[in-house]
Amino acid sequence: MVTLTIDGKNITVRKLSTVLDAAKKLDIQIPTLCHHPELSPFGGCRLCLVEVKNIARPVTACTTLVKDGMQVTTTSPYLEKLRKTTLELLLSDHPNDCMLCERAGDCTLQELAYFYGIRENRFAGEKRPFIKKDENPVIERGMEKCILCGQCVRVCDEIEGVGAVDFAYKGFRTIVSTPYEKDLDCEFCGQCVAVCPTGALTGKMWAHKGRQKYVNQVDTICPYCGCGCNLTLHVRQNEIIRVTSKEDTVNEGWLCAKGRFGYGFINNPDRLKKPLIRIAPKTLDKRTTNKPKKFSSIFREVTWEEALHYVAKKLKEIKKKYGADSIGGLSSARCTNEENYLFQKFMRAVIGTNNVDHCARY
Ligand code: SF4
Ligand code: SF4
Ligand code: SF4
């Protein structure tokens, strides 16, 4: 363990902690744009500069390891001036599109610009235009708003193991790009969207659906598979307009493409909300096909009571005529453990067969 002093307060932390980790333990806020606790340190945005006694120049808190007896200062007029100037430089080629930007109100860059009172752009100059072209239905890349924090590059490589994007070119021309600047073609997990501190990466489905202030957040569990990732639904006027996940959950805020973007079915008017019973079609053209001519007439909406009675009656008939082993049951990863347990119990104890399986069996 290592003991150091930050802003006059003593703290003891593990040996390989960074100054930023140690400051967090003391509840001392140091601004960052490129840092993420689950990703490798980058030291790119230069906002977390701190002063360390006996070191001539400020150092980045996110990449500097703690040392015994270290004396750190995280805020001073000099450091705040440095941070403000760094932010001004980051904003020097920024489109400042907050009025229309999907991230406004939920943007770390905007928040810091507000905190440091940056209205005028002392370094305004050349911009880096980006022509949107991605055809995918879920991720919008507006790279003119990119501040090159590299979080998307690292999350795609270190967490997702895909490496679909990386830095390209040099100096002012540097961009985060797909190979050969082609359309994004990847897992579409959206982890990069989740970590981006600006409006450079957003969800296409969120566009013009509502600002954060009009949105209620509801925590729930993903309905797609048995992993049970935690979701936060962003709900506006009873419609889910966005899905995120919090870092302090079992899945640490990471989701797959289905969990993050596959929520359209919830408000889809075609979604089945009541049981349907298939009824024998009256009109069959037996000479050419067994399919009914009028598909719309083959389902009847019923109550759950009627549907369950119908299923029980049919199962009894089949069992009586062909035996219990003529019936098989296939359960779903969308069910809870308890529901899957009940299902196999039902198949074995009620139907009387061991023909039971599960869609996620390895
Ligand atoms: S990315 Fe942030 S700072 Fe830039 S336009 Fe969007 S909300 Fe404003
Ligand atoms: S969506 Fe996922 S796979 Fe695609 S670039 Fe982003 S992090 Fe990488
Ligand atoms: S797209 Fe977003 S996450 Fe990626 S480097 Fe740019 S600002 Fe950072």
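Biologist: Which residue forms a salt bridge with Arg141, and how do I read such a feature?

Modeller: Side chains of opposite charge can pair when their charged atoms come close. The term salt bridge here means a side-chain nitrogen of Lys or Arg within 4 Å of a carboxyl oxygen of Asp or Glu. In this predicted model, Arg141 pairs with Asp134, with 2.6 Å between the closest N and O atoms.

Biologist: Are Arg141 and Asp134 buried or exposed?

Modeller: Both Arg141 and Asp134 are buried. Buried means under 20% relative accessible area, exposed over 50%, and partly exposed in between (1.4 Å probe, protein chains only).

Biologist: Where do Asp93 and Arg128 sit in the chain?

Modeller: Their side chains meet in a salt bridge at 2.8 Å, N to O. Asp93 is in the loop between α2 (77-90) and α3 (108-115), while Arg128 is in the loop between α3 and β6 (139-141), 35 residues apart. Helices (H or I, at least four residues) and strands (E, at least two) are DSSP runs, numbered from the N terminus. Asp93 counts as buried because its relative accessibility is 10%, and Arg128 does so at 12%.

Biologist: What about Arg300 and Glu306?

Modeller: Their salt bridge has its closest N and O atoms 3.0 Å apart. Arg300 is partly exposed at 37% relative accessibility, and Glu306 is partly exposed at 33%.

Conventions: Residues are numbered from 1 along each chain as its sequence is written. Chains are lettered from A and ligands numbered from 1 in the order in which they are written. This is a predicted model: local features need pLDDT of at least 70, side-chain atom pairs count only at pLDDT 80 or more; totals for chains, interfaces and linings use all residues. Side-chain values use heavy atoms; hydrogens and water are left out.
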